[in-house]
Structure formats: C-alpha cells, structure tokens
Amino acid sequence: MKPVANLSPEPRVVGKRARRIEDPSLLRGQGRYVDDVPAEHALEVAFVRSPLAHALITRVDLTAARAHPGVAAVYTAADLAPILTHPRMPFGFPTDALPRNTTPWVLAIDEVAHVGEPIVMVVADTRAIAEDAAGLVEIDYESLPVVSDPRTALQPDSPRVRRELSSNVLQHYHVNYGDVNAAFASAPRVFTEHFWQHRGLASSIECRGLFARPDPATNVLTVWSSTQMSHELFRILSEALALDENTLRVIAPEVGGGFGGKFMAYCDEVATVAAAMLLGRPVKWVEDRREHFVGTIHERDQFWALEAAVDAEGHLLGVRGRMVHDHGAYTPQATNVAYNSASSVTGPYMVPHYDLEVFVVHTNMTPVAPVRGAGYPQAAFAMERMMDRIAQGLGLDRAEVRLRNLVPTAKMPYTKPLKNRAGAPVTLDSGDYAACQDIALKAIDRAGFAARQAAALAQGRYIGLGLAHCVKPTGRGPYETAVVRVQPSGRVSIYTGALAMGQGLKTTLAIVCAEQLGVDLDSIDVMAGDTSLNALGMGGFASRQTIMAGSAVHVASLEVREKALKVASHLLEAAAEDLELRDGRVQIAGVPGKGIKLAEIARKLRGSPGYSMPGGVSPGLEADSMYQADIQCYANACHACEVEVDIHTGETRILRYIAVQDSGRLVNPATAEGQVHGGIVHGIGNTLFEWMRFDEEGQPLTTTFADYLLTTATELPMIEVIFHESPSPLNPLGVKGIGEAATLPVAPALVSAIEDALGPFGVKVNDATLSPVSVLSLLRGAAQAAAQA
Amino acid sequence: MKLPPLDYALPRSLDEAIALLSESEGQAKLLAGGQSLMPTLAFRLATPALLIDLAAIPGLDRIEITAAGVRLGARVRWVDIEQSEPLRTAHPLLVAAMAHVAHYQIRNRGTVGGSLAHADPAAEWPGLCVTCDAIIEVIGPAGSRLIEAGAFFSGPLSTHLAEAEIITSITLPAWPRGRRWGFQEFSRRRGDFALAGIALHYDTDAAGRVLDPHIGVIGACHSPHRLRAAEQAISGQVLDDVLIEACAQAGSAEVDPPTDLHGSARYRRALVHAMLSRALQQA
Ligand SMILES: Cc1cc2nc3c(=O)[nH]c(=O)nc-3n(C[C@H](O)[C@H](O)[C@H](O)COP(=O)(O)OP(=O)(O)OC[C@H]3O[C@@H](n4cnc5c(N)ncnc54)[C@H](O)[C@@H]3O)c2cc1C
C-alpha cells in the first residue's frame, strides 16, 4: 500500500458535533427495516424449535401441519437436503482450527442439543397461520442426559452434549508468557480469588429477520437480512446453497441494533433462503422475541480462578489462573470470546509473567458468541478485582496500586509478549492511562469522598466509590472497503462493506468524506452492506468501523480530491496549489466566483465518445479503496462511580457515573458520546439487571423482558463522559474504537463501589452479575462469618 | 407470538355482553385494556374463540365521589385515577399507589376491572382494594352481587368470579379527614411488578393512638391480604421506632411469600420488613 496522508491536525469538519444524517428518515418513521421491505405475496416462516435441551427425535409427523389451510410447505432437514451442500452450517469466517462437526445443523436431523434448536420449518401465507400449523407438528422425543454447567461438563465422566462428541471440551489451551511459576515461587505476596462472570444477550431492539425474494426476471435471489455482516452472509449462503455468486445479492437494510447478536449467519437464515429457492417464491422470517431468547447467541458463564503475585509495594510480578468458558451446544462462529478473555487479562498493566489455562466447554444451551465486548469485559473484571484485592491486602490506595502498574505513556508503544488471532503482537499504541485516572478521580471528587461516606454512614446510608480501567483493541482487520463517487448530479455517494446498525456510521463516514471534498453532509449518501455495490466487505463488529471504513473513505476521498484538483487545474488553467474544494466546487482560493462545480467535473469525467479525458486523468470522479490493517489500536477508559446500597433491600442505586474515555481523535463527538452512553448502559445491565438463567435441565428461565431485565431510563444516573484524545498513530485519522471500551470497566467499577459501600460489613464481591437478592445474601454471609469469628 | 384465530364482539350493553358470555360456554374472554390479556394470547397461553370488548358499554368509565366513598367503574384506567384532581383528597392512598403501576403507555390502557379479574398477587390495585375494604360489584346471568375484596381472590391469577360474571364497579369506603397512610413497594425497575409492597392506613385519636389500622401486602403473597398480626401490634398504641420495628417483624413473620426467579421467600420476607417499616414512617 502506498503511504496515506494523515488527516490534517486542524480539520474543518471532523471533530465538530454533527447531527446524524440517518435521523430525518428514522424520526419520520421512514426507516426501512427487514420487516418493512415491501413483501407482497411473500410467504412467512415459523420454526418448530426443540423444547428440550438434549433429546433424540424419534418421530416427526407433519400430516396435520401440511394439511392446514394456508400452509405452503412444511420442511424437515430431509426436505432441505437436496439443495444444501451440507446438512450443517458452513463456518463463519472459517479458520482451520476447529473440527467440521462443531457448527449447528441447518435443521436438526435426529438429535437436538439445546432448547430453541430449529427442527421443522413451516411456510405459510402469514406468520399467524405458520404458528398455527407449527402447533400441529407432532414430534416425539427421547430425553438424553443434559449438561448445563461447564464445570461439570469438562469432567471425563460427564454425559456428552451431543452424541457425536468424544469430549465436551472443545478447546483446552494456555495463553502465557514468561515463567509465571518462578515468579510466584519467589513472590512476597500472592492473592487468590474466584470469579463468576456472566454477560447475557445482545438484546437488539429489532430481532433478527430475513426476507428472500427470487426474481425470475433477473435470475437474482435478493436477500434482505438484519445482519452485522452482509458480505459474510453472502458467502455462507452461496456456499451452503451452492448459489452462483452472480445470482445472489445480500442487502442489510436499516438494522435495529446488533451488539454481536447479528455477527454471524444463522441456520434459520439459511433455511429461509432454502425455502424461497424450493418454492420459487418470496419467503420471509422475522424472529420474535421469544425465539430471540433461545435462538440468537448469548455470552454466558465464565468461572475464573485467578492469582496475582506482587512485591511489597504492590508491583505485579505475575498473574496466573484457570478459566472455564461455557460455549453452548455448537460453534456457529469461532471461539474468540474465550480467547479474547484469556489474552487480555493484563489489560493496561505491566505484568512480567502470565499464564491462563482455558477450557472452552460445550453445554446443552444456546451457542455462545460475541456480545458487545466479546470476552474483554470478563478479563477487565477479573484483573480490576485483583487490583482492588491487592490494594486491600497491602493497605494501599486503590488508585495508587493501579498507578504503580499502569503502562506509562513514556513506554508507548508498549508491546506485550502476546499475539492476537492474526499472529500480530499485542501493542498498546498510545494513550495516557494515568492521566485518565487522574481526570476521573478529580471529576468524582475522590478527595471529598471519605467525608461524604462518613456523613452518609452517620445517617445509616451506605455509599461507595468504584474505580476501574480498561484497554480494548479496536479496528479488527484485515480490511474494509469504500468507494467514493461524485455523481453528475453533484451528490456524493459512498459505498462500503461496513455495516450501519444504528451507531451513526453513515454520518461518521460522511464527515470523513466531507472533510476532503468540501461538500455538505446533506449532499452525501452512504450505502452500506449491499453486496451488489461492493464486492468485498467485512461488516460491523469489534469497534472497527470508524477506524477501518473511516480510513477507507478517507483514502478514497483524498484520491477523489486529487483528481478533482487536477481536472480543475486543467480546466481553470490554475495551479492545483492555488485551488480549494469548498461548497461543492473547486475554486481559486480567495476568489469565490471563479471555479467549477464538482458536479461539472463528474459530468466531464464520464467522458464523451472520441474525446480524451480532461487533464489526462482516468474516467469517473471516483475512487475505490481497500484499507488494510492487521494491527489493532488500543482505546482505553477509566471509570469512576459512586453508588448507594440499600442494605434492607439489596438495591444498588448509582449516584454518579464518570467515564473518561480515550478513543483517539473523535470524528463526531455527539455520536461518540452516544456510543459511550450505550456501552455503559450495557455494562450496567450486565452487572445489575441482566442474567440469562437456565435450570439444571437446560431449560431457559428468562425468556421475556419481564424476567430478563434490561436497564431502563429510570434506573440510570446522568452519565458524565469526558474524552481524553490521544490520536492513534496506526491509522490516518488517528481514531480508535469507542462502543465496546465503554462497556469493559462498568462491572468492575460498580462492583468495586458496591464492595466499598458494604465495607463496614466486610463483604467481598466476586460476582460480576449482582442482583439485590445476592447482595442481601452476601450481607447475611458476612454477618454469619462475623458471628463465628 | 401471534394471536390465535378468534372472533371479536363489541357489545353495546351489559345485557348483551352477559348474553354473549353465557352463550360462549367458557370459550369467550372479556377484553378491557388488553394489557394482561393480549400477551397471554400472543404467547398462546389462552386460546379463546371470542373476545368480548367492554369498550362500548356506557357508564363503565365513571369515577364517582360521594359521602359513601369512591366508586370506580370497571373500565376506569390507571391514567384516569392518576389525573383526577378530586381523588387526590378523596383517596390519597389510591393516587399514590398509581405511580407504581407499570409505565405510562400501559397506564393509558390498563383498567381497574381488568386488574382485579387478572388477580396478579403483585399488582397494586388488588392489594389496595383488600387493604381498604373495597366492595366489588359484579353482574351475571343471575343478576348482580357484591363481593368484599378480601373474599374475592382465590390464589395467584384466580378469583371467585363465576364464569359469566362481569365486574362493573368497585367502591372504596369514604376516606376520613386526617387519616394517615403509607405506600411502599420494591421492584427491580420502576414500573415492574412489586417483589413486595405494603399499603396501609390508620386513624388516630386525640392522644395520637393508632385506631383501626389496615395493613395489606402485595407481591410477597399468593393473593393480597391484610397483615393482622402487624395491625394488632400497633393498634391502640402511639407509634415510635420500637413499635414500628415490632410491627415490621410481625408483618414479615406472618407472610407466606412464594419463591420464584426474582426472589426467594426469605428475600421477600426481608422486603416486607423493610417496606412495612418505611410505610409506617411515611404515614
Ligand atoms: C409491561 C407491563 C407492566 C405492568 N406492570 C404492572 C404493575 O406494575 N402493576 C400492576 O398492577 N399492573 C401492571 N401491569 C398490568 C396492567 O396494569 C394491566 O393492564 C392490568 O393488570 C389488567 O388490566 P386490563 O384492563 O389491561 O385487562 P385485560 O388485559 O383486558 O384483561 C385482563 C383479564 O381480566 C378480564 N377482565 C377484564 N375486564 C373485566 C371485567 N370488567 N370483568 C371481568 N373480567 C374482566 C379479562 O378477560 C382478562 O382475563 C403491567 C402490564 C404490562 C404489560
């Protein structure tokens, strides 16, 4: 790749608060989500899903369902087999590391391994009829032993999650460097803790959904999907259904949130497209919330045993431990959650020796894959809890212990002896972690806290202060695509393989483009996630899009700009250095009247038969870029909060919440702040409200929003966001990811605050998910322990 | 999550509704605000053949305040109570409890009749009716009858309402001037059903002694009921911190809470203690 010019240090558009270009149509109710795509004469799908966590299917009778009026077809795995290349799902983002028999079945054949696994598909005139007919499908099951706890699942004598497995342990590995045991052997102090961690669901407002429309006129099958990755879905559909690439188009329309839940292709999606192909008719499946709870991935339990070795001053000498990760019944998409956790424990700290033993274990529950944060929050929780323990154990201040171990700016870029998935070293590229802590502590008035806490205590109120750090690698590669085209109408089109799912991506990309082309945001249209417009693309995940797609748009915009200048210089007979792009024109700097519209240049660059291109440039006022990067840049955050715990109800109320975040340069502070707010709310939910529960029989217990609690506005404090900007040297915009880094410190900050509030009772909190019920039982436990002592 | 196939009727009178109900032989469901019924249908936990919408029956939406008390038609909605100026003085406890009922969209549709018939043990209004000695008027093929709220519920989500009976109104006895009251509940999030809640009122004599205390529990019970031991603990006494604690202990000892996903019996008992003590402090 040729070197790319960096964004100017004093940009005109980048960094100003901008209104989202997405909002006018969304606010007018004109947003078009999958279920809004006109679907006349479309059939609708309902699935019969397994009611049992593990069973053999001994009999399926479709007679009554098929005879039901309004039913077009009822399919089992056998019915789909003729058009599937394989009865199982292809791998998403394939790697060589996993066995073929780990992905889910498109439809279950003779064994089901979790509640919610699709078995039979009913296609009917309406979803209501399809549900009626689904109720008429008769299936007999023979129960098999259920494995619902990954800790017992990894015992050699445990029943198997699926009969085809010889062990429930999918992966067993160490992530390590240095000589950790030697470090522990000579360490003055060692701290040991056990943590239970749980994240829950992605809970996008819009559930998943797919509409497949075969078009005999063009022979193209168009698929609209509420997905975070239309290009990968394209590949999987063409692989699973042997579709010639020229006969398939995948479009992501408006997407009502992803948060990880839509970062893979699912069996129900492949089945729906298969039905459209078999019937030669448009077929739609829109997931309802009940399906979402069991059919869309979760991030569930991790059990950690962690040890930290320190010297007498609290400097870390080594960290070691063991982690058991609940992976669910199948592997629909890689095993990166556990690996992300294991490889990021040391976070912003200098840890000379490290070793974590990891077990990725199958259970008879919904498959596990990344939810916003993707394993990193669990690592941050474990490490931040250890930092508090070290402070308590050594009688040191929590902030001071962190300061002693944080990677100082002077050591940046700081390379850890670890490799990421691409084999690239883990390098903290930039940031000032100590400064962020300082800002956070000042903002929360740490100095005045002791007095506030004492005053509250005098009134019988228990308040506590929490503090936590994180770093998050952002901008996952290897590439993202963008085409920037000035149309003869004067409007600018951006086409990208990135995916807009509610974060304001279109506005962000438009800002990056407007910076170079000198056009209004309103004159830019962004088309994201349509496989007919970009041949390649990766999509939306891992806090990557502003970095990867933003840089791609930057590169393409620079090229368009250069071209426009060259042509204008030719047409205006002026030196390119004397020209500027402003208000949709190229003009002689300081002489507003004299210039040429970009639209005019675009028209000229479409060419006229027999005439050469003006200025000798290539045709079209457009540029196509593929921005590549293997090394991720590290965003960091430091959160401080104050909570009050009601010792009679166990309720935690957040009094103040301060988030200091460094995401490098901000393209649009308004949407950046929105991302931080969202990340924190997600973290609050994970800590205080959300808990995807199952019983021992693998039955999900929380399958409505009355039982699975999301944070609502009334439970939220004002969130105070302070940005500290250390531009990343790794991309031309100097940006870093935002939305996930904001989630990582929340659980450790809140739990730290809750523990601090309950200090008078000597309560220790090691669970990342904490209901009022568990707070009261912790208090009871502490009281009993005190009575015994 | 689509409704099962069903018919819909919009009767113009109670007589017509009763006739439809009796003819349906248990296959019909009354529809008021739909806030509890519609999810039940969407989940297909109930599959009635006919919905009889009460929306067009005149008079059921009236709030009447007389010397005898407050009379609410069965179709009075939470929002009507919340926004009624006269009710603020005619029944301050009722108005205060409304702030805890669901969210405003639901308060715009949910009705007092629907809530009683639905009989959720964690709902505020049924608890309030039991606490305040409300009289429920129902009408059926055999005419109308009055039921004391305390004898209306037979367990979680079940009542002594006969198959073809319709709730028409609820009367709360008059609220004397100077009556003390408290309402406290604990729910995970604002608007959620209560894990435990206490409604109470009492009067006082010239010496400040508690007269005729009424203390009712919601959430930590199978249906709402009065806490007689707790009432006994304060009756005839002047309240102080010691007495409040004794009363809260008596109340939490006499409840028989369920254990479910959201809290164990033991946890709910602790909540009853906290809510009762706070409600007495509030009063
Ligand atoms: C998200 C959510 C949160 C909620 N939170 C709370 C809360 O915190 N507290 C609370 O109290 N409630 C809560 N509710 C319930 C709400 O208040 C309901 O509206 C109420 O319980 C039922 O009233 P409805 O008018 O909607 O009845 P419907 O749903 O229409 O009917 C409920 C039942 O009553 C029957 N019925 C209705 N009217 C009559 C009548 N006149 N005579 C005989 N039977 C009748 C119906 O046939 C049905 O069986 C919540 C509901 C939702 C959806």
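This is a predicted model: local features need pLDDT of at least 70, side-chain atom pairs count only at pLDDT 80 or more; totals for chains, interfaces and linings use all residues.
Colleague: What is the radius of gyration of chain A, and which value does the globule rule give?

Modeller: For 789 residues the globule rule gives 28 Å, and the radius of gyration of chain A is close to that value, so chain A is as compact as a globular protein of that length. The C-alpha atoms of chain A fill a box of roughly 95 × 75 × 50 Å along the principal axes. Of the residues of chain A, 56% count as buried. Both the radius of gyration and the value from the rule are 28 Å.

Colleague: How many residues of helix H10 of chain A are buried?

Modeller: Helix H10 of chain A spans residues 336-343 and is mostly covered. Its buried residues include A:Val337, A:Tyr339 and A:Asn340, and A:Ser341 and A:Ala342 are also among them. Of the eight residues in H10(A), the number buried is seven.

Colleague: Which residues form the uncovered face of strand S23 of chain A?

Modeller: In a regular strand, side chains alternate between the two faces of the sheet. Strand S23 of chain A, residues 524-528, has a covered face made of A:Ile524, A:Val526 and A:Ala528. The uncovered face of S23(A) consists of A:Asp525 and A:Met527.

Colleague: Which helix forms a β-α-β unit with strands S22 and S23 of chain A?

Modeller: Strands S22(A), residues 492-496, and S23(A) run parallel and are joined by five bridges. Within this pairing, A:Thr496 stands opposite A:Ala528. The β-α-β unit that contains both strands is right-handed, and its helix is H15(A), residues 505-517.

Colleague: How far apart do the C-alpha centres of domain 1 and domain 3 of chain B lie?

Modeller: Chain B is divided into domain 1 (7-53), domain 2 (63-173) and domain 3 (181-282). Between the C-alpha centres of domain 1 and domain 3 of chain B, the distance is 36 Å.

Colleague: Which element gives the most residues to the shell around the ligand?

Modeller: The ligand is surrounded by 29 residues, and B:Gly33, B:Gln35, B:Gly110, B:Gly114 and B:Ala123 are the closest. Domain 1 and domain 2 of chain B each contribute at least three residues to the shell. Strand S2, helix H7, helix H8 and strand S10 of chain B each supply at least two. With five residues, the element that gives the most is H7(B).

Technical notes
Residues are numbered from 1 along each chain as its sequence is written. Chains are lettered from A and ligands numbered from 1 in the order in which they are written. A residue is near a molecule or strand if its C-beta atom, placed from the backbone, lies within 6 Å of it. Helices (H or I, at least four residues) and strands (E, at least two) are DSSP runs, numbered from the N terminus. Domain bounds come from an automatic or database domain assignment. A residue is buried if 20 or more other C-beta atoms lie within 10 Å of its own, exposed if 12 or fewer, and partly exposed in between; C-beta atoms are placed from the backbone. Two strands pair if DSSP finds at least two bridges between them. A crossover is right-handed if, with the strands pointing away from the viewer, the path from the first strand over the helix to the second runs clockwise. The radius of gyration is taken over C-alpha atoms; the globule rule is 2.2 Å times the number of residues to the power 0.38.
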